[in-house]
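Subject: Structure handover

Hello,

Here is the structure you will be taking over. Please open it alongside this note.

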Amino acid sequence: YRTIPFVQCCEYTESQDLVSYVSIDDVSATRKMMEYILSTGHTKVAFLSGPPRYKYARQRKEGYIQALRAAGIPIREDWIIQLSDIDFDMTLSTTHQLINQEDRPNAIFTVSDVLAAATIRGCRLAGLSVPNDVIVSGFDNVDISQATSPSITTITQPKYQLGHMACELLIEKLNNPASKPRQVLLNTELIIRESTHT
């Protein structure tokens, strides 16, 4: 049989050291965002995510839970929502359900800027102001995060460095098939915009 060298980039197989990968520390990045949200005085934070089959969704949920526990804030299971897809209309519907509760969240952490944009739209349709009534954060720092009004507070990933490092790891494996696999996690940065402060 023939083996083909490969490297995992962004999504990777967890709890293994047989394959090289480069990604970000989703748990740490989420905690960074959550600590910022909590520092603004918003402690009723809902979590809106994608399918749990993805590493990023599982790890960002873990970061969310860790941050709440560290702050001594009870976990509200009904405020942890994992959608079957990153879908704008599904997010609108979910946002409507969240903010129409008698005891509603005053902050919504979403795992992507697309979800954040849909959440902001959902709040507006319900007559709520972002960030005055509820603050919203995203993740990824894609173009939509600056195109929305308000612009979206988000986490930026080092996209160029992720691709560059993945290529370096692959070239290393091609040049030396016996080389030991490497697992690399790159740093992220919190970008504060209008969706979380007035």
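Below are the findings on helix packing, salt bridges and one surface patch.

First, the ground rules. This is a predicted model, in which local features need pLDDT of at least 70 and side-chain atom pairs count only at pLDDT 80 or more, while totals for chains, interfaces and linings use all residues. Residues are numbered from 1 along each chain as its sequence is written, and side-chain values use heavy atoms, with hydrogens and water left out.

Helix packing

Helices (H or I, at least four residues) and strands (E, at least two) are DSSP runs, numbered from the N terminus. Start with helix α1, residues 26-39, and helix α2, residues 55-70. Their axes lie 8 Å apart, and the packing angle is about 40 degrees. Axes here are lines fitted to C-alpha atoms, for helices over the stretch in contact, and angles run from 0 to 180 degrees between N-to-C directions. The pair α1 and α2 is therefore oblique. On this scale, under 35 degrees is roughly parallel, over 145 roughly antiparallel, 65 to 115 roughly perpendicular, and the rest oblique. The crossing of α1 and α2 is right-handed.

Next, α3 and α4. Their axes come within 8 Å and cross at roughly 50 degrees. So α3 and α4 are oblique to each other. Their crossing is right-handed.

Salt bridges

The structure holds eight salt bridges. Each one is a side-chain nitrogen of Lys or Arg within 4 Å of a carboxyl oxygen of Asp or Glu.

D26 and R60 meet through their side chains, at 2.6 Å from N to O. This pair links distant parts of the chain: D26 sits in helix α1 and R60 in helix α2, 34 residues apart. Are these residues buried or exposed? D26 counts as buried because its relative accessibility is 0%. R60 also counts as buried, at 4%. Buried means under 20% relative accessible area, exposed means over 50%, and partly exposed is in between (1.4 Å probe, protein chains only).

E35 pairs with R31, with the closest N and O atoms 3.7 Å apart. Both lie in helix α1, four residues apart, which is about one turn of the helix. E35 is partly exposed at 43% relative accessibility. R31 is partly exposed too, at 24%.

D103 and K44 form a salt bridge at 2.7 Å, N to O. D103 is in the loop between α3 (88-99) and β5 (107-110), and K44 is in the loop between α1 and β3 (45-49), so the bridge ties together parts 59 residues apart in sequence. D103 is partly exposed at 37% relative accessibility, and K44 is partly exposed at 29%. A network of salt bridges links K44, R76, D78 and D103.

Surface patch

I86, F88 and V114 make a nonpolar surface patch of about 200 Å². Patches are made of residues with over 30% relative accessible area and no salt bridge; like charges are joined within 9 Å, and nonpolar side chains (Val, Leu, Ile, Met, Phe, Trp, Tyr) within 5 Å. Accessible areas come from the Shrake-Rupley method with a 1.4 Å probe, and for residues only the protein chains shown count as cover.

V114 belongs to helix α4, residues 113-125. V114 counts as partly exposed, at 32% relative accessibility.

Best regards

Terms used: A crossing is left-handed if the near helix is turned anticlockwise from the far one by less than a right angle, and right-handed if clockwise.
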